[in-house]
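Please read this report alongside the sequence and the model.

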Amino acid sequence: MSYPIPDLQRAVIARLRAYAPLTAVVAQRIYDTAPADAAYPFVTINSISATERDTDTSDGLRVALAVSVFAQGVDARAKVQRHAAHVIDALHRNAAALTVTGHAVVMCSYQSSLVFRTPDDGGGAHCVVNFLILTEQAELANGY
Amino acid sequence: MKHVKGVEALTAKLDFMSAQVKERARNICHASAEHTGGQVVIDINTQKPNPDYDVPEGATGRRRHIPAPPGGPPNSDTGNLSARYVTIDRTTRVRVAAAIVAGVIYAVWQEYGTARMAARPHLLPRFREAGPRFRHNMREMLRSVAREAARSKTGRRQ
């Protein structure tokens with residue numbers, strides 16, 4: 001099975017960068033890993049963990065994807081939740097918007113989120129948004 | 001008028017199963033949380049510093065601490081983080097639950113990272129790892145309670 005995670009991550013970033021309500025607030029500051037001097041607010045991919053979900057007839061993965069949203073200022077927590085809502089709107093039940101070569105993204109579903117203060121740059125907030133993604137290999141090379 | 005036989009015995013069996021499942025599920029839940037919390041503490045206390053990290057010039061005292069590499073558990077500096085992890089039984093009348101709680105705010109910063117600091121996840125990986133064993137133990141417990149209830153006529157332990 002070809003490993004779809006790098007492509008999947010690229011697809012998620014591309015989808016977020018193409019989602020106008022989100023880019024209206026974070027512009028194109030949607031990163032794999034944020035540069036040290038990234039301006040606020042910005043979005044990063046936090047963690048991706050995949051577990052095998054093969055069936056008799058197809059190879060699949062269950063992917064837990066966490067997206068981080070960072071904001072700063074006195075109302076950082078409110079801001080970060082508003083931006084996180086755009087991330088959810090962009091991805092939740094929007095598997096069709098994620099194109100991964102050789103794989104079908106069967107499901108992309110919002111699971112949970114967590115907001116907390118951070119000490120960065122005089123005080124900010126961080127929202128972690130968790131998604132569950134199921135992928136299936138589009139066509140198996142040699143049967144299975 | 002017809003009477004259904006065995007209702008009392010069946011009710012007694014169901015009561016037995018209900019009480020047993022709750023008690024044993026609580027034990028499994030708490031033991032799993034204790035084990036996971038213990039693994040987290042061991043991970044922190046045995047984690048090595050990042051060999052590629054350069055201590056900032058002129059740093060003194062705590063600032064000379066060399067953190068662990070990003071992506072894995074944090075390492076120990078003062079010992080406060082690992083010492084503040086506790087397991088709490090959160091079972092109520094209607095649910096069975098246990099929580100692994102970190103008593104310091106920076107545990108969440110370590111787990112998920114911040115805008116300027118990389119994440120050092122330590123609790124969630126262990127939590128995910130504990131899932132299959134937890135489910136297996138729960139399944140076995142339910143089977144065992146069902147077997148005991150089936151063997152007994154009244155629902156009481158033989």
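## Charged pairs

Lys79(A) has a relative accessibility of 25% and so counts as partly exposed, a class that lies between buried (under 20% relative accessible area) and exposed (over 50%), with a 1.4 Å probe and protein chains only. The model is a predicted one, in which local features need pLDDT of at least 70 and side-chain atom pairs count only at pLDDT 80 or more, while totals for chains, interfaces and linings use all residues. Residues are numbered from 1 along each chain as its sequence is written, chains are lettered from A and ligands numbered from 1 in the order in which they are written, and side-chain values use heavy atoms, with hydrogens and water left out.

Lys79(A) pairs with Asp75(A) in a salt bridge whose closest N and O atoms are 3.7 Å apart. A salt bridge here is a side-chain nitrogen of Lys or Arg within 4 Å of a carboxyl oxygen of Asp or Glu. Asp75(A) is also partly exposed, at a relative accessible area of 35%. Side chains of opposite charge can pair when their charged atoms come close.

| Salt bridge | Closest N and O atoms |
|---|---|
| Lys79(A) and Asp75(A) | 3.7 Å |
| Arg24(B) and Glu148(B) | 2.9 Å |
| Arg26(B) and Asp89(B) | 2.8 Å |

In chain B, Arg24(B) forms a salt bridge with Glu148(B). Arg24(B) belongs to helix 1 (residues 7-46) and Glu148(B) to helix 4 (residues 123-151) of chain B, so this pair ties together parts that are 124 residues apart in sequence. Helices (H or I, at least four residues) and strands (E, at least two) are DSSP runs, numbered from the N terminus. Arg24(B) counts as buried, with 16% relative accessibility.

Arg26(B) forms a salt bridge with Asp89(B). This pair, too, links distant parts of the chain: Arg26(B) is in helix 1 of chain B and Asp89(B) in strand 1 (residues 85-89) of chain B, 63 residues apart. Arg26(B) is partly exposed at 37% relative accessibility, and Asp89(B) is partly exposed at 32%. Elsewhere in chain B, a network of salt bridges links Asp43(B), Arg126(B) and Glu129(B).

## Cysteines

How many disulfides are there over all chains? With a disulfide taken as a pair of cysteine sulfur atoms within 2.5 Å, the count is 0. Cys108(A) is in no disulfide, and the nearest cysteine sulfur, that of Cys127(A), is 15 Å away. Cys108(A) is buried, with a relative accessible area of 2%. Cys29(B) is buried as well, at 13%.

## Backbone geometry

Most residues other than glycine have a negative phi, and most peptide bonds are trans. In chain A, a cis peptide bond joins Tyr40(A) and Pro41(A), with omega about -10 degrees. Pro41(A) sits in the loop between strand 1 (30-31) and strand 2 (42-52) of chain A.

Ala27(A) is not a glycine, yet its phi is positive, near 55 degrees. Ala27(A) is in the loop between helix 2 (20-26) and strand 1 of chain A, and is partly exposed with a relative accessible area of 33%. From Ala27(A) to Gln72(A) the C-alpha to C-alpha distance is 16 Å, across 45 residues of sequence. Gln72(A) is in strand 3 of chain A and is partly exposed, at 27%.

Asp121(A) likewise has a positive phi, near 45 degrees. Asp121(A) falls in the loop between strand 4 (103-118) and strand 5 (124-137) of chain A. At 42% relative accessibility, Asp121(A) is partly exposed.

## A separation in chain B

Asn45(B) is in helix 1 of chain B and is partly exposed, with a relative accessible area of 43%. The C-alpha atoms of Asn45(B) and Asp77(B) are separated by 9.1 Å, and the two residues are 32 apart along the chain.

## Surface charge

Which residues gather in a patch of positive charge on the surface? They are Arg53(A), Arg62(A), Arg135(B) and Arg139(B). Patches are made of residues with over 30% relative accessible area and no salt bridge, with like charges joined within 9 Å and nonpolar side chains (Val, Leu, Ile, Met, Phe, Trp, Tyr) within 5 Å. Arg62(A) is in strand 3 (residues 60-72) of chain A and is partly exposed, with a relative accessible area of 32%.

Methods. Accessible areas come from the Shrake-Rupley method with a 1.4 Å probe; for residues, only the protein chains shown count as cover. Lys and Arg count as positive and Asp and Glu as negative; His and the chain ends are not counted. The place of a charge is taken as NZ of Lys, CZ of Arg, CG of Asp or CD of Glu.
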